[in-house]
Structure formats: C-alpha cells, structure tokens
Amino acid sequence: MADSLVERRSIDVVPDDERHGTAFSQFTLWLGANLQITTVVTGGLAVVFGGDVVWSLVGLLAGNLVGGAVMALHSAQGPRLGLPQMISSRAQFGVKGAVVPLVLVVVMYIGFFASGTVLAGQAVGRLTRLGPVAGIVVFALVTAAMAIVGYRIIHALGRVASIVCAIAFVYLGIRLLDHIHLGEVLHDRAFHLPMFLLATALSASWQLAFGPYVADYSRYLPRTTSARATFWWTLGGTALGSQWSMTFGVLVAATAGGAFVDDQVGYVVGLGGTGAVAAFLYFAIALGKLTINVLNTYGGFMSIVTSVSGFRGQRRLTQRGRGAYIVCIMVAGTVVALLGRNSFLDSFADFLLFLLTFFTPWSAINLVDYYLISRERYDIPALTDPQGRYGGWRGTALVAYGVGLAAQFPFLSTSFYTGPAVGPLGGADISWIVGLAVPAVLYGLLARHERGATAAAEPGPRTRTPRRQGAGR
C-alpha cells in the first residue's frame with residue numbers, strides 16, 4: 001500500500017504508462033494554492049504602501065495576468081518533457097551550471113515555508129487551542145508528510161482546498177460588504193504611477209515565484225495533453241485565485257487599517273464570526289496555507305535534488321532519500337518560523353522579495369530557449385550527462401543571467417536597498433520587467449549566434465535530433 005501511495009518519481013522522466021489526469025487539474029491546484037491568507041496580505045500591501053483602491057485593483061490584475069502568463073508558459077512544458085521544472089534548465093545552463101540560480105531558489109522556498117507556517121500556525125494553534133508554537137510544529141509535520149507522499153495527494157489537496165477556500169472567501173466577501181460602504185471605498189480614483197507599478201510588481205512577483213516549480217505539477221499529464229489547454233487552465237486558476245484573494249486584501253486593508261496589519265488571521269476570522277463559523281474559517285486558512293506550503297516543500301526538495309544530482313551524476317532518487325531531503329527542508333523552515341514568529345518575518349519577507357530578483361532572469365532564459373531556440377525539443381538523456389550535448393557549464397546562459405541580474409539593481413526598491421533609477425521613476429520598482437526583458441533579448445541573440453557558429457563548424461549537412469531522443473511529439 002505504501003509503495004502505491006508514495007510517489008516513486010523524483011528527478012527522472014515520467015514514462016508514458018504512468019501519465020494520467022487532464023489539464024483541468026492545473027486549474028483546481030492553482031486556484032486552491034492562491035485562495036489563502038498570504039495572498040490576501042500581498043494584495044493588502046498595495047493599499048498599506050499608499051495606493052488607492054481602484055488603481056491598486058487594476059495594477060494587481062495586470063501583474064497577475066502578465067506574471068501568470070509567464071508562469072503558465074512554464075507549466076505547459078510539463079506534459080511534453082515529463083520532467084521537474086529545474087531539470088529542464090540544464091539545457092540552458094548546463095548539467096552543473098543549473099545550480100547557479102537554484103541555490104537562492106531553495107533559500108526562498110524555505111523562507112516561504114517559514115512565513116506561511118507562522119500564519120498557519122496561528123490558525124492551527126487557535127483551532128486546537130495548543131498555542132502558536134505547537135501550531136507551527138504540528139503544521140510543519142503535516143506539510144512534510146504530504147510532500148513525502150507526493151504528486152497525487154498534492155493534486156487531491158488542491159481540489160479540496162479550491163472548494164473549501166472558495167466557500168470561505170465567498171462568505172467572508174459577503175460579511176465584508178456588510179461592514180463597509182463600497183461606494184465610499186471606491187470613490188478615490190486618483191492615479192499615481194508609482195503606486196500603480198508597485199501593485200503590478202507585487203502581483204507579478206507573486207506569480208513569478210511559482211516559475212521554478214510549476215511544471216513539477218503538470219509533468220504527469222499525458223504527453224498528448226494540449227500545451228494550450230495546460231497554459232490556459234494554469235493561468236485561469238492562478239490568476240483567478242490570486243486576484244480574488246488580493247481584491248479581498250485591498251478592501252480589508254482600505255477599511256480596517258492597523259487592525260488587519262497587526263493580526264491578519266485574527267482580523268479575518270473575527271470578520272466572519274465566532275463559534276463554529278470561526279472554527280471553519282481557521283480550518284480554511286490552515287488548509288489554504290497547507291496547499292501552498294506543500295508546494296513550496298515539494299518544489300524546494302526538487303530544486304535541492306536537481307543541484308546535488310548534477311554533480312553526482314544521479315538519475316533517480318530512492319524514497320528514503322526523498323524523505324530525508326524533505327525533512328531537512330521542513331526542519332530548516334520550522335526553525336526560521338519559530339525564531340521569526342514575533343518580529344523577524346516583516347524583514348524576512350522583504351528579503352524574500354529581493355530573492356525574486358535572482359530567478360526572474362532564469363525564467364526569461366528558460367522560456368526563450370524552450371520556445372524560440374530549441375522549439376520545444378530537448379535531448380532528455382543529455383540532461384543528466386555533463387559530457388553530453390549540454391555540457392557541465394554553458395557560458396551563454398550564465399552570461400545572460402549575470403547581465404540580467406546586474407540590469408535589475410538600478411531599478412530595485414526594497415527597505416535595505418534602493419537603486420538610482422527608482423527616484424526618477426517616482427519610487428516605482430520595475431526591476432521585474434527589466435529582469436524579464438534584458439536576459440530574454442540577450443540570451444536569444446547569444447544562443448542564435450552560438451547555434452549558427454556551431455552549425456558552420458560542423459562538416460556535412462546538418463541533421464535533426466531524432467524525436468525519440470526528445471520529449472516526444
């Protein structure tokens with residue numbers, strides 16, 4: 001029973017006879033993953049930092065659509081390649097070079113695990129009356145157990161969360177509208193470009209953070225699954241779930257002020273009611289956070305294994321090794337959560353947003369290579385061979401990545417660093433736009449030049465890579 005329940009695959013290709021499901025599974029997973037308290041807080045920040053309600057909502061929608069589209073393009077790679085997301089980045093960076101963006105990706109997902117565990121721990125602690133510390137530990141253990149079981153339970157959790165959390169948010173929305181005067185809230189419609197760009201950056205960054213692991217949850221879909229269907233169902237789920245939660249956060253932050261900022265979980269549950277209703281809302285908050293935290297744990301595990309296996313020449317991972325990696329992530333995230341549950345997390349959240357700077361260029365390079373350079377065809381065996389077609393380290397991608405990083409810093413605005421271009425832009429942070437555009441263009445030019453030079457140096461006619469070596473048709 002355990003063998004059938006616990007996922008066997010990790011970094012290896014999912015064979016056709018183990019593929020299952022439909023593209024609609026991506027909708028329920030990403031809807032459930034985004035209908036949760038941290039998404040609410042992210043939307044509320046647009047108002048807390050000084051934006052008005054109407055243009056904050058428009059900016060958040062723009063960011064969710066643009067960032068969600070980038071994220072969904074990664075998701076569409078899953079059925080065709082049958083590989084975890086970060087394994088495919090070896091085709092651009094090299095089998096060993098892929099570790100460069102992965103190091104900070106792992107740190108970021110541990111951080112997201114920690115911040116999510118703090119909020120969920122509050123809900124679990126109040127629901128069980130064990131207190132926040134015990135709530136954090138219990139929640140972390142449940143998260144790790146589900147991540148160890150793997151793919152099937154993650155999608156099952158997403159389906160349940162999409163229903164339960166949708167019911168909770170519909171109810172909370174009705175209660176909120178009973179408490180506020182919507183006309184007055186929407187009355188101030190003054191457009192301020194920096195605040196609009198801030199709202200856009202908040203939601204776009206939220207979506208881009210899913211990029212390094214989104215294909216992990218579409219790789220079991222049958223190879224014949226339409227890339228277009230995978231794209232649209234993923235975008236639909238993540239954009240709808242995020243915009244719904246962030247809209248709620250904007251309205252709450254605009255009307256509750258400090259009461260919401262000081263105690264997000266307590267305020268939201270108090271808005272809903274007491275007794276059995278409060279218990280249901282605490283459960284819904286914990287369930288929403290459980291869904292996204294399992295994704296963070298599973299994605300972090302995949303990222304670590306991708307890094308280590310590139311140097312060890314490892315093609316598969318045992319279930320015991322899988323459990324060990326996941327427990328390490330759980331322990332690290334729990335320690336950070338316990339240490340930072342009182343005052344550290346505000347600064348740490350800012351640091352996590354700063355870390356997004358380091359894989360926005362990765363996302364651009366991966367998409368340009370997959371869709372425009374390689375035309376959706378990779379030599380799968382070469383992705384585990386440092387002496388093979390993709391080599392150990394690929395200078396083209398590493399140069400484009402480094403330039404993409406450097407190009408962002410003048411436009412970056414955080415509490416501990418502000419770039420020189422932020423002032424002339426009125427305080428707006430557009431680093432994520434630069435981080436997508438610059439490396440995409442540079443890598444496209446360098447990769448095409450490299451490909452042309454290689455072709456010119458090869459004697460005789462060029463031959464195409466046989467389809468059986470790639471991801472299939």
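Colleague: Let's start with the charged side chains. What do the side chains of Arg219 and Glu7 meet in?

Modeller: In a salt bridge, with 2.9 Å from N to O. Keep in mind that we're looking at a predicted model. To call a contact a salt bridge, you want the Arg or Lys nitrogen within 4 Å of a carboxyl oxygen of Asp or Glu. Arg219 and Glu7 pass with their 2.9 Å.

Colleague: And where do Arg219 and Glu7 sit in the chain?

Modeller: Arg219 is in the loop between α12 (193-208) and α13 (227-256), and Glu7 is in the loop between α1 (2-5) and α2 (24-34). That puts them 212 residues apart, so this pair links distant parts of the chain.

Colleague: Is Arg219 buried or exposed?

Modeller: For that, look at the relative accessible area: under 20% means buried. Arg219 has 0%, so it is buried. Glu7 comes out at 7%, so we call Glu7 buried as well.

Colleague: How many salt bridges does a search of the whole structure find?

Modeller: It finds 3. Another one joins the side chains of Arg223 and Asp16, at 2.8 Å from N to O. Arg223 belongs to the loop between α12 and α13, while Asp16 belongs to the loop between α1 and α2, so this pair ties together parts 207 residues apart in sequence. Arg223 is partly exposed at 21%, and Asp16 is partly exposed at 46%.

Colleague: What about Arg8 and Glu18?

Modeller: Their side chains also form a salt bridge, 2.8 Å from N to O. Both residues are in the loop between α1 and α2, 10 residues apart. Arg8 is partly exposed at 47% relative accessible area, whereas Glu18, at 19%, is buried.

Colleague: On to the rings. How many aromatic pairs does a search of the whole structure find?

Modeller: It turns up 27 of them. Take Phe231 and Trp232: their centres are 5.0 Å apart, with 85 degrees between the planes. Planes over 60 degrees apart count as edge-to-face, and that is how this pair is classed. Phe231 is buried at 14%, but Trp232 is exposed at 52%.

Modeller: Then there's the pair of Phe301 and Tyr325, which is tilted: 6.5 Å centre to centre and 45 degrees between the planes. Phe301 is in helix α16 (residues 275-312) and Tyr325 in helix α17 (residues 319-340), so the pair ties together parts 24 residues apart in sequence.

Colleague: Is Phe301 buried or exposed?

Modeller: Buried, with a relative accessible area of 0%. Tyr325 is buried too, at 17%. Both residues also belong to one aromatic cluster, whose members include Trp30, Tyr109, Trp206 and Tyr298.

Definitions and conventions. Residues numbered from 1 in each chain as written. Predicted model: local features only at pLDDT ≥ 70, side-chain atom pairs only at ≥ 80, totals over all residues. Heavy atoms only, no water. Phe/Tyr/Trp six-rings, centres within 6.5 Å; stacked < 30°, edge-to-face > 60°. Buried < 20%, exposed > 50% of the residue type's maximum accessible area, 1.4 Å probe, protein only. Helix = DSSP H or I, 4+ residues; strand = E, 2+ residues; numbered from the N terminus.
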